[in-house]
Amino acid sequence: MVLAGGQTLLRDMKRGQHAPASLIDITGVVPNRIEFRDGAIWIGAGATHAEVASSPVLGQHLAVLAGLVGHIGDPAVRHRGTLGGAVAANEPAGDYPAACLALGATVHTTAREVAAAQFFVGDRRTVLEPGEIVTAVTFPVARQAAYVKFLNPAARYAMVGVFAARSADGRPRVAVTGALAHGAFRWREAEMALTGAFVADALRGLRLSPDGLLEDLFADAAYRGHLAEVLARRAVALAAGPTHRIMVLSHGSRAGTDGQQPDSPTGRRIRDLSTS
Amino acid sequence: MPEVSMIVNGCAVRGTVEGRTMLVDFLREKLGLTGTHVGCDTTQCGACIVHVSGLAMKSCTMLALQCEGAVVTTVEGLAALSSPLHPMQAAFREHHALQCGYCTSGMVMMALDIVRRLGEPDDATIREELKGNICRCTGYHNIVKAVAAGARAMAAQPKETAHA
């Protein structure tokens, strides 16, 4: 089995979820460069989250992605965790899978190129074959994009996160993470609703089916569904603004303190980066 | 068993480890550097944070073998036994930023990483940066004060003694 930053794999090995006979550390073998090529950002799979978050290339062309990655895990985890590891792990509350789906990314492996929509195939599963390694991901630069996530109150991963983007050709894409055990998914009804006009009000009245939504100590299916609806409107509103944006919300204070929609979840804006 | 060598707190060290040995276990069990703690052992609490190649990392979630040739600094490397505390350690003492002390070495090592990247951040930023460090005693208020005071003290120092 292949080991990169190890921030998911080593944890899972401790839990007994993997017991590989051998591990091959590919750190330093897989590229970590970040380049702007033909309207897209190419990121080597070995790039750590800290490297992606602080990349000047991303800051200039796709700041929303740098902002998203700058809120994965914590600073020490971001010094080790990598893009390749995060997409290969495809955790159900992962931030990167939502970005890949909403931006229409392409995953490059040692064997082929796969569109993100085909790459992620279920709970912690991808189309990767044994021995196949992610080498890079390309993210087309969006015309407008924003990511809004609501944190789990204890572990601080996305209880629900919504990435809304309008691609260079004007096509809307909405990806939701943290809501389904299956992992991040495209919310097609929301995309349809946004096809006429990329404005938050176009999503009013949409309901995410509670079927299959995650339920745990922190949120039942109805709550997660409601969060997804509210966060989707917020993400579109942010994306429609003048800059790429990130918003991270958590429990604990009044709604609407950030001047956003009054029907926001009971949340506090702890970081609203106008990252460009 | 494989052998690993690295520089820990300025000293070249070498030891045999199992392939599965985590860096924190190598530091504690093989080198006797017990200032680095294991809290949750699941990459959440930050008690095990050390610097590897100058960056704060969770040593419970790195194999010792992944640190072959690396430069590692633990809390023991911040100040020699007979010399004064590092300014960040002194700030933690001054501001009573610990009660049981279990999280403290990880907090101090993270604090130095925050100062390296951000200089003298405001309190809200310090709180966000400490997301991966859990303290179950203090409520964080005094830790945040200590990090801010330590950052100020380090900024006031000549460069070469501002260890990070």
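In chain B, the centres of domain 1 and domain 2, taken over C-alpha atoms, are separated by 21 Å. This is a predicted model. The domain assignment places domain 1 of chain B at 3-77 and domain 2 of chain B at 87-161.

The two domains of chain B touch through 15 residues of domain 1 and eleven residues of domain 2. On the domain 1 side, the elements that give two or more residues are strand S3 (49-52) and strand S4 of chain B. S3(B) provides the largest share of that side, with three residues. By residue class, the side of domain 1 of chain B that touches domain 2 of chain B has eight nonpolar and seven polar residues, and no charged ones.

Within chain B there is also a packed pair of helices. Helix H2 (residues 87-94) of chain B packs against helix H5 (residues 141-156) of chain B at an angle of about 140°, and their axes are 8 Å apart. The crossing in which H2(B) passes H5(B) is right-handed. From H2(B), the contact is made by Pro87(B), Met88(B), Ala91(B), Phe92(B) and Glu94(B). Facing them from H5(B) are Ala146(B), Ala149(B), Gly150(B), Ala153(B) and Met154(B). The residues of this contact divide into eight nonpolar, one polar and one charged.

Chain A is likewise divided by the assignment. Domain 1 of chain A covers 2-10 + 30-140, and domain 2 of chain A covers 144-274. Here 24 residues of domain 1 are in contact with 28 residues of domain 2. The elements giving two or more residues to the domain 1 side are helix H4 (63-69), helix H7 (95-103) and strand S7 (120-122) of chain A. H7(A) gives the largest share of that side, seven residues. The side of domain 1 of chain A that touches domain 2 of chain A is made up of 15 nonpolar, seven polar and two charged residues.

Chain A also holds an open sheet of five strands, in the order S3-S4-S9-S5-S6, with antiparallel pairing. Strand S3 (34-37) and strand S6 (113-115) of chain A stand at the edges with a single partner strand each, so one side of each has no neighbour in the sheet. Neighbouring strands of the sheet are turned by 20° against each other on average, direction ignored. At the level of residues, His108(A) stands opposite Glu113(A) in S6(A).

The contact between the chains remains. It takes 19 residues from chain B and 18 residues from chain A. On the side of chain B that touches chain A, two or more residues come from each of strand S4 (55-58), helix H3 (104-118) and helix H4 (123-129) of chain B. S4(B) gives the largest share of that side, four residues. S4(B) is also among the elements that give two or more residues to the side of domain 1 of chain B that touches domain 2 of chain B. The residues on the side of chain B that touches chain A divide into six nonpolar, seven polar and six charged.

Terms used: Residues are numbered from 1 along each chain as its sequence is written. Chains are lettered from A and ligands numbered from 1 in the order in which they are written. This is a predicted model: local features need pLDDT of at least 70, side-chain atom pairs count only at pLDDT 80 or more; totals for chains, interfaces and linings use all residues. Two strands pair if DSSP finds at least two bridges between them. Axes are lines fitted to C-alpha atoms, for helices over the stretch in contact, and angles run from 0 to 180 degrees between N-to-C directions. Two residues are in contact if their C-beta atoms, placed from the backbone, lie within 7 Å. Ala, Val, Leu, Ile, Met, Phe, Trp, Tyr, Cys and Pro count as nonpolar, Asp, Glu, Lys and Arg as charged, and the others, Gly among them, as polar. A crossing is left-handed if the near helix is turned anticlockwise from the far one by less than a right angle, and right-handed if clockwise. Domain bounds come from an automatic or database domain assignment.
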